Every structure is written in structure tokens, then in C-alpha cells.
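Hi,

Here is the structure I said I would pass on. Have a look at it first, and then read on for what I found.

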Amino acid sequence: MNYTPTDRTTPSRYAKQRMHYDEATVHAILDEALFCTVSYAVDNVPFSIPTAFVRKGHTLYIHGSVGSHFLREIEKGIPVCISVMLTDALVVAKSAFHHSVNYRSVIIFSKAEKIEDYEQKALFFKELTDKIVPGSWDYLRPMLPKEVQKTTLLAFDIHESSAKMRSGMPIDDEEDQALPIWSGLIPLSNARLAPIPDDLSREIPLPGHLVR
Ligand SMILES: Cc1cc2nc3c(=O)[nH]c(=O)nc-3n(C[C@H](O)[C@H](O)[C@H](O)COP(=O)(O)OP(=O)(O)OC[C@H]3O[C@@H](n4cnc5c(N)ncnc54)[C@H](O)[C@@H]3O)c2cc1C
């Protein structure tokens, strides 16, 4: 299925080569990224807040303290713009002008819907926890009802969204291609490295889901 491009999700540059509106591309980027940035305006003052998220179907969920200024503003249903990016490589060209980045990004225009249903909130916490630390939910001390109640959960429809991707080598000007200047890619990684125990966990064996 494709999300339908709108005026807001059509860029002025590389509209054909780099843009994608199919749900498989948009969802794959959202599912790989752990964090998004939510932007909104209050009284003409722009705010932009990074936060964790989960996608399920055509909905993106974020959460936070019921006391959060950010969530209390956007739960009113004001327009928000959510962006997500994954960086794959620095693109090093023979000239500064043609340096670039290989990336996959998504931009979504939406409005929040506040989720009050206890079961839906509890399910979200499981999905978020297992996304950030896969396999951890069943290992942890179960979540308490008061912890669910202290947390706001907001849902955003993602139908008005676009994905943009750059891949491949630098594109140098023809007249520069014979220059003895190194060009190519510097790959970037977001790999998870070996876990580090805190002082309370030195004698506790590393659980299987963290070994993996
Ligand atoms: C890590 C990273 C680094 C970048 N560095 C630069 C840089 O240094 N300079 C630069 O000019 N550009 C950079 N870009 C690309 C930048 O995000 C814009 O795509 C670009 O500036 C072109 O904007 P535009 O005027 O065509 O888009 P606009 O016409 O302003 O955008 C209109 C709509 O197009 C869609 N759109 C535009 N860009 C994206 C995107 N990246 N992802 C998903 N949807 C998008 C959105 O729906 C947006 O509302 C970078 C992107 C990433 C992810």
C-alpha cells in the first residue's frame, strides 16, 4: 500500500529519485529507528523534542510523564511534525560541495490522540520495552498499575508521511573525477555493544536476551 503524497509531504528537491511513499519503506525505517523528534508550535514558538516511539500498523505511539509540558501541549491535538532518521554512511567527495550522507528518513504530519484504555497502554509498554531491549519484557519485574497510570500514551496516525533515502557513492563533477583526492564512503554504525553491569548486577548472570 502507498501513503498518498500531499503538498506537505512533497519535497522541492529529489522528489522522484529519493522519495518513497510505500508503507513497506516507511514502516521499515520506523521499525529500525528507536527515537523520533516531535516538533510543534505553541503561541508561535517552535519546540522540537526527541523521544522513543513504537509503530503498530498505521499508528506511531509515544509516551511520557503525565506532568510533561511537551505531552500536555500535544495531547490537545495541535498539529505536529514527527521526523525519524537513520544514518548509514558519510559520503566523502573530492570537493566539499559534493559531500553528502547516506540516510533513510521519515517525516510524518499528524495530531495526537490520547489513549486512556489501561490494556492498550500496558500493551504499548511491552512493545516499547521489547523494541528498545528485545526480549526483556518477560524477564523484568512486571509493570505496576500505578506506573501505567503515571504515564501518558499518545497515538499518531501516520498516513500523511514520506520517506527519503540516499544510498551509493559520491557524485563528483566530471572535471573533478581524475583528481588524486580520495573519495568514497565512511560507514556509520548504531550497533549495540557489550552490556556493562551496574554495581548491583556484578554477580547476576547476563540473561540470554542480552547475550544475543
Ligand atoms: C542525516 C541527514 C542529513 C542531511 N543533510 C542535509 C544537508 O546538509 N543539506 C541539505 O540540504 N539537506 C540535507 N538532508 C536532506 C534534507 O532532509 C532535505 O530532504 C533536503 O534539505 C531537501 O529539502 P526540500 O527543500 O526538498 O524539502 P521540502 O520541500 O522542504 O520538504 C517538503 C516535504 O518533503 C518531505 N521530505 C523532505 N525531506 C525529507 C526527508 N529527509 N525525509 C523524509 N521526507 C522528507 C517531507 O514530507 C517535507 O515536509 C539531510 C537529510 C538527512 C536525513
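Leu154 is where I started: leaving aside residues up to four places away in sequence, Leu154 touches Tyr61, Ile62, Leu71, Ile74, Glu75, Ala112, Glu113 and Lys114. Before going further, please keep in mind that this is a predicted model.

Leu154 also belongs to the largest nonpolar core, a set of 27 residues in which Leu60, Tyr61 and Leu154 touch the most other members. Two or more residues of this core come from each of helix H1 (23-32), strand S2 (35-42), strand S5 (59-65), helix H2 (69-74), S6, S7 and strand S8 (151-157). As you know, nonpolar side chains tend to be buried together in soluble globular proteins.

For the overall picture, the protein has 5 helices and 10 strands. Its C-alpha trace spans about 65 × 50 × 35 Å along the principal axes. Of its 212 residues, 17% count as buried. If you take the contacts with a separation of 6 or more, 72% of them are between residues 24 or more positions apart.

Now for the strands. S5 has two partners that I looked at. Strand S4 (residues 54-56) pairs with S5 in the antiparallel sense over 3 bridges, with Lys56 opposite Thr59. The two form a hairpin with 2 residues between them, and Gly57 in that turn has a positive phi of about 60°. S5 also runs antiparallel to S8, joined by 7 bridges. Thr59 turns up here again, this time opposite Asp157 in S8.

S2 likewise pairs with two strands. With strand S3 (residues 45-52) the pairing is antiparallel, over 8 bridges, and Tyr40 stands opposite Phe47. This is a hairpin too, with 2 residues between the strands and a positive phi of about 50° at Asp43 in the turn. S2 and S6 are antiparallel as well, joined by 3 bridges; Ser39 has Cys81 in S6 as its bridge partner.

Which residues of H1 are buried? They are Val26, Ile29 and Leu30. These cover an arc of only 100° around the axis, so they sit on the same side of H1. The face turned away from that buried side carries the exposed residues Ala24, Asp31 and Glu32. Among the elements covering the buried residues of H1 are S4, S5, S6, S7 and S9.

Then there is the ligand. It has 16 residues around it, and Thr9, Pro11, Arg13, Ser105 and Lys164 come nearest. Strand S6 (79-92), strand S7 (100-115) and strand S9 (161-166) each supply at least two residues of the shell. The largest share, 5 residues, comes from S7. Sorted by class, the shell has 7 nonpolar, 6 polar and 3 charged residues.

Is Asp173 buried or exposed? Asp173 counts as exposed, because there are 12 C-beta neighbours inside 10 Å and the cut-off for exposed is 12 or fewer. Asp173 and Phe97 are 76 residues apart in sequence, while their C-alpha atoms are 9.9 Å apart in space.

Over to you, and thanks for taking a look.

Conventions. Residues numbered from 1 in each chain as written. Predicted model: local features only at pLDDT ≥ 70, side-chain atom pairs only at ≥ 80, totals over all residues. Near = placed C-beta within 6 Å. Helix = DSSP H or I, 4+ residues; strand = E, 2+ residues; numbered from the N terminus. Nonpolar A, V, L, I, M, F, W, Y, C, P; charged D, E, K, R; others polar. Core = buried A, V, L, I, M, F, W, Y, C linked by C-beta atoms within 7 Å. Buried ≥ 20, exposed ≤ 12 C-beta atoms within 10 Å, placed from the backbone. Contact = placed C-beta atoms within 7 Å. Pairing = 2+ DSSP bridges. Arc of directions from axis to C-beta.
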